[in-house]
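Visitor: Hi, could you walk me through this one? I'd like to ask as we go.

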Amino acid sequence: MLTQSVSDHQLVAMYRNGNQSAFAELLTRHKDRVYTAIFLLVKDEILAEDLFQDTFIKVIENLRQGKYSEKGRFLPWVLRIAHNLCIDYFRRTSRMPKIVTRDGVDIFSILQFADDRADKTMSHHETSIVMRDLIAQLPEEQREVLILRHYADLSFKEIATITDVSINTALGRMRYALLNMRKMIAEQQIIF
Amino acid sequence: MFTTAPRSQMIQTITPCDLLRHIYGETSEAENSAILHALNTDWDLRETYRSLLITKDILSQTSLRSPSRTSLKVIMDYSSQTEETLELH
């Protein structure tokens, strides 16, 4: 069994040598961050599933074709692919993300809270629902940076590269994203 | 261009963007010291820091979501199939 002690780069090398378990480990390791980033960007569960599949299929193809550079980290590389696929989708369909109100607890039924007690889970769900609604109301550029920094765990430098802006622009967008989140929380008198 | 400002003055030039990098763990040891010093002497900066930190903590209460098992199976199946195709060639 492959453990966390094996680095992403090592797993990529093993996969290139035909080790399917190595790819399974990479997928397991990064699936939640990649999926959450896609979902928060497109705000549509079915579309997010499709784009998630497309992302990793493209990852497989690029790895097979030797297109992955070992200079960078694996996750930012995957998220760049995911981000580009989301942008392509919006361009193709001329559909920019709309503000969608929450559609109930069903969305969160697949969330895994293995460590949470049942009595904590509801408040955790409620918080998640409220926060996702607020994130959805942010301007597109701010939302993008916030998702990539906070949920995908990319550095500001990596985000700047992916979104093709300067690091100061990425930082500025993140700052305003947090300020706007704080403002919305205050306006709506939400208590966490 | 070189600045002629004294060293102590330069150290205290901390911006909200520096605070942002700090709360996300992207600052160096030297920057951390400068930021801590600035936070101890600048009330406005400390309030900005507190506000950013609270919002970050609230965001952290939102859990990551997982893709469906179907999606994971589709991906792993594709990976296996492409490997078989490569072997055939």
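Guide: Happy to; we can take a helix, a helix pair, the chain contact and some loops in turn. This is a predicted model, where local features need pLDDT of at least 70, side-chain atom pairs count only at pLDDT 80 or more, and totals for chains, interfaces and linings use all residues. Residues are numbered from 1 along each chain as its sequence is written, with chains lettered from A and ligands numbered from 1 in the order in which they are written.

Visitor: Which residues of H3(A) are buried?

Guide: Those are A:Ala48, A:Leu51, A:Phe52, A:Thr55, A:Phe56, A:Val59 and A:Ile60. Buried means that 20 or more other C-beta atoms, placed from the backbone, lie within 10 Å of the residue's own; exposed means 12 or fewer, and partly exposed is in between. Helices here are DSSP runs (H or I, at least four residues), numbered from the N terminus.

Visitor: How far apart are the end C-alpha atoms of H3(A)?

Guide: They are 29 Å apart, which agrees with the 28 Å that its 20 residues (45-64) should span at 1.5 Å a residue. The expected span is 1.5 Å times one less than the number of residues.

Visitor: Switching topic: at what angle do H2(A) and H4(A) cross?

Guide: Roughly 35 degrees, and the axes of H2 (residues 20-42) and H4 (residues 74-93) of chain A come within 10 Å. Axes are lines fitted to C-alpha atoms over the stretch in contact, with angles running from 0 to 180 degrees between N-to-C directions.

Visitor: And which residues make the contact?

Guide: Among them are A:Leu26, A:His30 and A:Arg33 of H2(A), and A:Phe74, A:Leu75 and A:Cys86 of H4(A). Contact means C-beta atoms, placed from the backbone, within 7 Å.

Visitor: How many residues of chain B are in contact with chain A?

Guide: 31 residues of chain B are in contact with 41 residues of chain A. H5(B) gives the most to that side of chain B, with 11 residues.

Visitor: Okay, loops. Where is A:Asp153 found?

Guide: It is in the loop between H6 (140-151) and H7 (156-163) of chain A. A:Asp153 has a positive phi of about 65 degrees although it is not a glycine. Most residues other than glycine have a negative phi.

Visitor: Why does A:Asp153 count as partly exposed?

Guide: Because A:Asp153 has 17 C-beta neighbours inside 10 Å.

Visitor: What about A:Asp164, buried or exposed?

Guide: Exposed, because A:Asp164 has 7 C-beta neighbours inside 10 Å. Its phi is positive too, at about 60 degrees, and A:Asp164 lies in the loop between H7 and H8 (167-187) of chain A.

How values were computed. Helices (H or I, at least four residues) and strands (E, at least two) are DSSP runs, numbered from the N terminus. Two residues are in contact if their C-beta atoms, placed from the backbone, lie within 7 Å.
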